[in-house]
Amino acid sequence: MTIAETSRKYNITADTLRYYERIGIIPPVPRTKGGIRDYDEASCRWIELMKCLRSAGVQIEALIEYAALCRQGEGTEERRKEILMEQRDQLLARMEEMQNSLDRLNYKIENYDKILRGREERE
């Protein structure tokens, strides 16, 4: 797949795809004889993983370390697992904060509903 096709498929800009490759969070993408990026299945799996992790709020630095460890291969599994567990814990903490914010907003909305219903009943 060309970079344009890959960009459309994953809803990610071509600049972002180039950036991800440049900083090493996706491995070098195979190229045609003419030097054009030709995203294969392996490249796409990396894009899917990095997009998922970024949407979960994983920092670029953690992704760089994780990808570098993957490239190093055997013997790095424990550290890779630690990175993912750290990121999961951070995501769970953010989700708890968001749930608390949602609960507070719902409480305030319910309060206004009571006020408005009371006003309507008096009129």
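**Entry 1: Ala 62**

I started with Ala 62 and found this residue in helix α4, which spans residues 60-72. I kept in mind that the model is predicted. Is Ala 62 buried or exposed? I read a relative accessible area of 13%, so Ala 62 is buried.

Next I looked up what Ala 62 touches. Leaving out residues up to four places away in sequence, I noted Ile 83 and Gln 87. Ile 83 sits 21 residues from Ala 62 along the chain, yet their C-alpha atoms are separated by 7.0 Å.

**Entry 2: Arg 37**

I then turned to Arg 37, which lies in the loop between α2 (14-23) and α3 (41-55). Its relative accessible area is 18%, so I put Arg 37 down as buried, the cut-off being under 20%.

Which side chain makes a polar contact with Arg 37? I found Glu 21, at 2.6 Å. Glu 21 is also on the list of residues that Arg 37 touches, again not counting those up to four places away in sequence. That list also includes Met 1, Thr 2, Ile 3 and Arg 18, as well as Val 29, Pro 30 and Arg 31.

**Entry 3: the cysteines**

How many disulfides does the structure hold? I counted 0. A disulfide would need the two sulfur atoms within 2.5 Å. Looking from Cys 70, I found Cys 52 as the closest, again at 14 Å.

I also checked their surroundings. Cys 52 counts as partly exposed, at 46% relative accessibility, whereas Cys 70 counts as buried, at 19%.

Conventions:
Residues are numbered from 1 along each chain as its sequence is written. This is a predicted model: local features need pLDDT of at least 70, side-chain atom pairs count only at pLDDT 80 or more; totals for chains, interfaces and linings use all residues. Side-chain values use heavy atoms; hydrogens and water are left out. Buried means under 20% relative accessible area, exposed over 50%, partly exposed in between (1.4 Å probe, protein chains only). Helices (H or I, at least four residues) and strands (E, at least two) are DSSP runs, numbered from the N terminus. Contact means heavy atoms within 4.5 Å. A polar contact is a pair of N or O atoms within 3.5 Å; within protein, one must be able to donate a hydrogen and the other to accept it, and residues adjacent in sequence count only if both atoms are side-chain atoms.
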